[in-house]
Amino acid sequence: MLRLLIVRLLAAVPVLLVVSLVSFGLTLLVPGDIAAEIAGPTASAADVEHVRAELGLNKPPLERMIQWYGGVLHGDLGRSISLNQGVGEAVLQRLPVTLSLTFVALTIACLLGIPAGLVAAAKARAWPDQAAMGAALVGLSLPDFWLGLLLIWLFGVKLGWLPTGGFVAPTTDLLGWLRSITLPAGALALTQLGPIARMTRAAALEVANSDYIRTARAKGLTEPRVYARHVLAASMVPILTVVGIGFGLSLGGALVVEQVFSLPGVGRLVIGAVLRRDWPIIQGGLLLTTFIFVAVNLLVDLLYLWVDPRMREGA
Amino acid sequence: MLRRRTFTTGLTTAALPLPAIAQSVGQQGRKGGDVIVAMTAAPPTIDAQATSAAAARNISMHMFESLYTRDEGANPKPELAEGVDISADGLTYKFTLRSGVKFHNGKTMTSADAKASMERYAKVGTSRDTLKSVAAYETPDSKTLVMKLSTIYPGLIEAISSPRAPFVIMPEEEGNKPMGQINMIGTGPFKFVEYKPDSHVKMVRFDDYAQNKAYEKRDGFTGKKTAYFDSVTIRIMPEAGARTAGLQTGELHVLEVMDVASSKRLKDDKNIKSYPMLPWAFMTLMMNNNWGLTSKLEIRRAIQAALDLEEIMAISTDGLYRMGPSWQYPGTTYYPGADGLDAYTKQDLPKAKALMKAAGYNNEELVLICDSSNKPHLDAATVEAQQLRAAGFNVKLSVMDWPTVYTARAKPEGWNLWPLMMGIEPYEGPYNVVGFFGGTQCVQIKPDPVIEECNARLANQLKLEDRRAAVKTFQDRMYDQAISVKVGEAGIVQATRANVMNYAPYRIPRMWDCWFA
């Protein structure tokens, strides 16, 4: 297992290098910089150039690149111009928002999606299967921003049960956090629920007719116990794969959901930075997000070993 | 010889007619509460001097004040100054500062603070060019700041009173700090608590705030300001639907802007009050006079004749607009009238086609660039593209994000048309409107000699009537040479919960002199 860990961590280095090169390349290819945003929409080109000079944005690209990589090697991701704050600090401040949103969304998606997939497999081609898969398809097809607005309208405006936006830190008020995260996580979960339910169904159907499942039934176990204890366990590898991918997609989906629900997370930070051309944030944010994505994939690989003893031998 | 000009005679843009607002005269304000305001965008920086972004203004105008600022009708009025004495030769401005004004850090404001703030502005301020005629700042005593000009600049008070990128006064020790790195210490009715980027800005009432007793009540950005709310939280909420929903549920109390469709939908909601603001901005269509098709006068005139301006306004503003051809707002000091402009503002397709033929138009591409982040820009561009196609132009509509459009339009080539709302500039008066079309960095790319002369006359004529004549000449030239198109005047809607009392809409949602019922 240690060997796997080391190999995968080493494999992450070129991934991070490519991502950093691409993100730096974007700064050269994409027009515009934050000076125009600071100077304002009707500022003259001279005004913008003055701001650029004040902020040191007019240095040659190679010099900026060397400076940035030098900083990264020393653990310094640069400094955001618009926030007047270190990039690492800015991202880490917002990471709890995005991670809690993603974590709650995936938890909801798993809690609903896996049982729905198992029921669909157990009642394949019967109405529960069609109902579960139909619902999954609807969840998969709805854009999360639209779903978010719909949830705001229903649970915020019409029913008044939950706040329409904003974030409460769990350390400040646990119930407030739960209330603030429920709608955005719900919107994000519904888009992830579909793939999880469908993958669970497919995997469960594949193992449902195996000999050991037949043996379990022959022992007199009820169908729910057969599915809960044996079919689910044997289906966990593909389910974990789709949950791992779902985590990455949820990080992407959080960009939109955070915007709709005014959550101060990494997604909103990066979107704001893109619109303002705050390059240090874009570069640092991309690098850190990639690192998280790689780390989650590694975690999924380790979980494979845990749920499937056969894979430990190979590792 | 110096003469005292405590207020604005002869200096100003005079009253900008704003909507009549029912002021709760006679009502007693009540202290308390945390008012939550939603604004649409995050500021690129909260350093007030360094940016002209409206989002920064929403925050900074609650915490900072200037020597002069603008009243309800956009006229320059004293704020931290008692007044100004201007020498007969127009080269010396002697500001007398108000006594007993305290900064949020407890320090009393002196002329040294004012000097350091103006000197910082001259280095990092967005509108720093307006201070280039100032040769020296002197502080003969703690209450007096003298600005010595090397050349006359009659627009100085208008310039330093503008809230565009406000000339705010901060403690002397902040004066040397680079762009974006100041501590938020001002003299305003609210003091800074925290800024959580992408989330909110929090301010609390400054209990040692020195009210300006020269006034009787709130007046634009100046006046006798009273802070009633214990605190102000400005939340950054980019999604319009979420902002409206927040106001409906009572989670938000004030919206910087509510889309017109929502304000119509909620007009019968007794919990919400809408405040239309008209005029708010000029809708314009800038033309590149330097490159391609629009370098030809006949083509620019053809574009002028091909556009149905009212249709563009009706669609791009959701119906909240008024037509007005002048490049100044009616009722202001420099308003040059609109006589003779009808010929330029009526759609005339046969005329457009004849001009295109005269120019030898042969289906060349007309490049219309537009940003996607501003809905009125995008809607206006879409309608303009269709109208120009109907006239026979081969229009290429390029939609990009704001920084890309800005970069593209600053280039001398590669674009012909660019829709732009000018919000704060026409509110300020003529200087930044005429100035936008002047100099080597002019928006139409190719400087026009007559407009250059107008800018010079605005800058160096001491008599108001001479400066007004310059604005008239500028306007005539804009139409005659079809330098760019003024489409119309757009409005916005601000909104509050019904329990926010004595609110009056303005360029920003002002959270002083209003309170919870």
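Which residue stands opposite B:Met283 in S19(B)? B:Met421 in S19(B) stands opposite B:Met283.

## The model

This is a predicted model, in which local features need pLDDT of at least 70 and side-chain atom pairs count only at pLDDT 80 or more, while totals for chains, interfaces and linings use all residues. Residues are numbered from 1 along each chain as its sequence is written, and chains are lettered from A and ligands numbered from 1 in the order in which they are written.

Helices (H or I, at least four residues) and strands (E, at least two) are DSSP runs, numbered from the N terminus.

## Where the chains meet

Chain A gives 43 residues to the contact between the chains, and chain B gives 42 residues. Two residues are in contact if their C-beta atoms, placed from the backbone, lie within 7 Å. On the side of chain A that touches chain B, at least two residues come from each of the helices H2 (34-39), H3 (45-55), H7 (144-158), H10 (223-260) and H11 (266-276) of chain A.

That side of chain A is made up of 22 nonpolar, 14 polar and seven charged residues. Here Ala, Val, Leu, Ile, Met, Phe, Trp, Tyr, Cys and Pro count as nonpolar, Asp, Glu, Lys and Arg as charged, and the others, Gly among them, as polar.

## Domains

The domain bounds come from an automatic or database domain assignment. In chain A this gives domain 1 (2-87) and domain 2 (94-314). The C-alpha centres of these domains of chain A are 32 Å apart. Contact between them involves 22 residues of domain 1 of chain A and 16 residues of domain 2 of chain A. Helix H1 (2-29), H2 and strand S1 (79-80) of chain A each give two or more residues to the domain 1 side, and H1(A) has the largest share, with ten residues. By class, this side has eleven nonpolar, seven polar and four charged residues.

In chain B, domain 1 is written in pieces (2-16 + 29-240 + 498-516), and domain 2 covers 279-492. Their C-alpha centres lie 31 Å apart. Here 18 residues of domain 1 of chain B are in contact with 17 residues of domain 2 of chain B. The domain 1 side of this contact has eight nonpolar, seven polar and three charged residues.

## The nonpolar core

A nonpolar core is a set of buried Ala, Val, Leu, Ile, Met, Phe, Trp, Tyr and Cys residues joined through C-beta atoms within 7 Å. A residue is buried if 20 or more other C-beta atoms lie within 10 Å of its own, exposed if 12 or fewer, and partly exposed in between, with C-beta atoms placed from the backbone.

The largest core has 224 residues, and those that touch the most other members are A:Leu101, A:Ile196, B:Val37, B:Leu67 and B:Val434. Helix H5 (residues 87-122) of chain A supplies the largest share of this core, 17 residues. Leaving out residues up to four places away in sequence, the contacts of B:Leu67 include B:Phe95, B:Ile160 and B:Phe167.

## Strands of chain B

Two strands pair if DSSP finds at least two bridges between them. Strand S2 (residues 34-39) of chain B is largely enclosed by the rest of the structure, because five of its six residues are buried. S2(B) pairs with strand S13 (residues 231-236) of chain B in the parallel sense over six bridges, with B:Ala38 opposite B:Arg235. S2(B) also runs parallel to strand S14 (residues 254-258) of chain B, joined by two bridges; there B:Val37 has B:Val254 as its bridge partner.

Strand S15 (residues 272-287) of chain B contains B:Pro279. The peptide bond between B:Leu278 and B:Pro279 is cis, with omega about 5°. S15(B) pairs with S20(B) in the antiparallel sense over twelve bridges, and B:Ala281 has B:Ala490 as its partner in S20(B). S15(B) is also joined by six bridges to strand S19 (residues 417-422) of chain B, and these two run antiparallel.

## Two loops and a helix

A:Ser262 is in the loop between H10 and H11 of chain A. Its phi is positive, about 50°, although A:Ser262 is not a glycine. A:Ser262 counts as buried because it has 25 C-beta neighbours inside 10 Å. B:Ala482, in the loop between helix H15 (464-480) and strand S20 (484-497) of chain B, is also not a glycine and has a positive phi of about 45°.

Helix H12 (residues 279-307) of chain A has 29 residues and reaches 42 Å from its first C-alpha to its last, close to the expected 42 Å. The expected span is 1.5 Å times one less than the number of residues. Among the buried residues of H12(A) are A:Trp279, A:Leu287 and A:Tyr304.
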